Amino acid sequence: MGNMKSLEAVTLAIPSFNAATYLPRVLESVGQLTMQPKSVLVIDDGSTDDTAKIATSFSTTIKSLKVISHKINQGLGAARQTALKSCESPWLAMIDSDVCVESEWLGRLFEVAQTSKAAGVGGDLLESEAQTVADRWRARMMAQTHGGAEKAGVPLFGCNTLHSVAALNAVGGFNSRYIRAYEDIDISERLMKAGHKLVYTPTARCLHLRKDTVTSVLRAAYSWRLPRYEDSGVYDDLKTLMGKWIATFKEDFRELKMLLAESNGELSFPCLVQLFANPIQDLSVVVTRNQSMRLRGLAGIGSALILLALKQSLIPDELKAAVGSALKPFIDTLTGQIQKIALPNEDNPELTRLVTATVTPWSTILAFSPADNERMMASAKGSVI
């Protein structure tokens, strides 16, 4: 590190929760930055693994490294806010705990910030894993990039950013209510609304180390959507929730048909599972956050009808079995939540009618050509469930 220059204006923070798998490679890449930040903060957000221990072990090679620990897990928004409060320089850079940076990454972000007079700059995230269908699906359907050209006026992905501390503080900092996702979009929208300039540059590149299964990638995709639905009150009213099911089913079905229309449709299986997994995850949200017993009663009825729709769908039995295996973790989670609450004893015809009217048509829509069924089955066989 003797030839490396120090970027005294910048603090680099790494929010981390149970990040022991990836953190060593991440911190190794930070140690190789040609422009070293004034300090490196690892925000250990109540981890139960060796995250803090691993981070501390790098203090001998990254002299400015400091570990700040939350006693309990507070979520990504809170971890980012802790980093902001702890920052003692005018600029705050952040990377996720599963993201390696290229050696020029920080210098390029800072250069663009200075030349463009931007309050925030984000770089390009490349995917390192492409061995499974789930990983390739994430790279296609959850890409954290704005492409190969510099763009202004776009939201920045929280996986790799540089922000003016003054601008962040002026809009109130990061919102701690966003636990797993959306805190980056929220802060971007507030910054732009306040008149601050945001810029994306493809010249500052980093590498995503994450590996996914079908279950984990669909949980992550759902968490990206969840905050907007919560903000709009989707989970507080039966008819609104049913409308949401219809809208998301149409959106997910369009994605599935798009992939099947391509030459091999190799990413189609996660989209097929998503058609059933999303409403099951919706029911989990209803059970955990809603005090209305009427809405909680929806969970048992809804999950049974979703599985019935799968059983009646016009796809081969082998494909149904593969979807059922991928759905099992979602069903198990919901079942465990239902067992912890007292459900209404009386029948609720309105609940049954609404859920049936929403779910039953799926079984007739889910009819595909033999070639499409073969493509989805091939995609299932290439998936890690």
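A: Asn373 is buried, because its relative accessible area of 11% is under the 20% cut-off. The model is a predicted one. Asn373 belongs to helix α15, which covers residues 370–381. Setting aside neighbours up to four places away in sequence, Asn373 is in contact with Ile315, Pro316, Leu319 and Phe368.

Gln281 sits in helix α10, and its relative accessibility is 8%, so Gln281 counts as buried. When residues within four places in sequence are left out, Gln281 touches Leu218, Arg219, Tyr222 and Phe330.

For α9 (residues 238–261) and α10 (residues 268–289), the axes come within 8 Å and cross at roughly 165 degrees. An angle over 145 degrees counts as roughly antiparallel, which means that α9 is roughly antiparallel to α10. The crossing of α9 and α10 is right-handed.

Which residues make the contact between α9 and α10? From α9 come Leu241, Lys244, Trp245, Phe249, Asp252, Phe253, Glu255, Leu256, Leu259 and Leu260. From α10 come Ser268, Cys271, Leu272, Gln274, Leu275, Asn278, Pro279, Asp282, Leu283 and Val286. Sorted by type, the residues of this contact comprise 13 nonpolar, 3 polar and 4 charged.

α9 itself has 24 residues, and the distance from its first C-alpha to its last is 35 Å. That is close to the 34 Å expected at 1.5 Å a residue. The buried residues of α9 are Leu238, Leu241, Met242, Lys244, Trp245, Thr248, Phe249, Asp252, Phe253, Leu256, Leu259 and Leu260. An α-helix has 3.6 residues a turn, so residues three or four places apart point the same way. Leu241, Trp245, Phe249, Phe253, Leu256 and Leu260 are among the buried residues of α9, and these residues are also among those in contact with α10. Lys244 and Asp252 are likewise buried and take part in the contact with α10.

α9 packs against another helix as well. Helix α5 (residues 133–141) and α9 meet at an angle of about 110 degrees, with their axes 14 Å apart. Angles from 65 to 115 degrees count as roughly perpendicular, so α5 and α9 are roughly perpendicular to each other. Trp137, Arg140 and Met141 of α5 make this contact with Glu255, Met258 and Leu259 of α9. By type, the residues of the α5 and α9 contact divide into 4 nonpolar, no polar and 2 charged.

Helix α4 can be treated in the same terms. Its 12 residues should span 16 Å at 1.5 Å a residue, and its end C-alpha atoms lie 17 Å apart, which agrees. The buried residues of α4 are Trp105, Leu106, Gly107, Leu109, Phe110, Val112, Ala113 and Ser116. Trp105 also has its C-alpha atom 8.5 Å from that of Thr34, although the two residues are 71 residues apart along the chain. Thr34 is in the loop between α1 (23–31) and β2 (35–45), and with a relative accessibility of 27% Thr34 counts as partly exposed. Gln36 belongs to strand β2 and is buried, at 8% relative accessibility. The C-alpha atoms of Gln36 and Val99 are 17 Å apart, with a separation of 63 residues along the chain.

What follows α4? Lys117 does, with a positive phi near 60 degrees. Lys117 lies in the loop between α4 (105–116) and β6 (120–127), and its relative accessibility of 70% makes it exposed. Most residues other than glycine have a negative phi. Tyr182 is another residue other than glycine with a positive phi, in this case near 80 degrees. Tyr182 is in the loop between α6 (165–170) and α7 (183–193). Is Tyr182 buried or exposed? Tyr182 is buried, with a relative accessible area of 8%, whereas Lys117 counts as exposed.

Definitions and conventions
Residues numbered from 1 in each chain as written. Predicted model: local features only at pLDDT ≥ 70, side-chain atom pairs only at ≥ 80, totals over all residues. Heavy atoms only, no water. Axes fitted to C-alpha atoms, helices over the stretch in contact; angles between N-to-C directions. Helix = DSSP H or I, 4+ residues; strand = E, 2+ residues; numbered from the N terminus. Parallel < 35°, antiparallel > 145°, perpendicular 65-115°, else oblique. Left-handed = near helix turned anticlockwise from the far one by under 90°. Contact = heavy atoms within 4.5 Å. Nonpolar A, V, L, I, M, F, W, Y, C, P; charged D, E, K, R; others polar. Buried < 20%, exposed > 50% of the residue type's maximum accessible area, 1.4 Å probe, protein only. Expected span 1.5 Å × (residues − 1).
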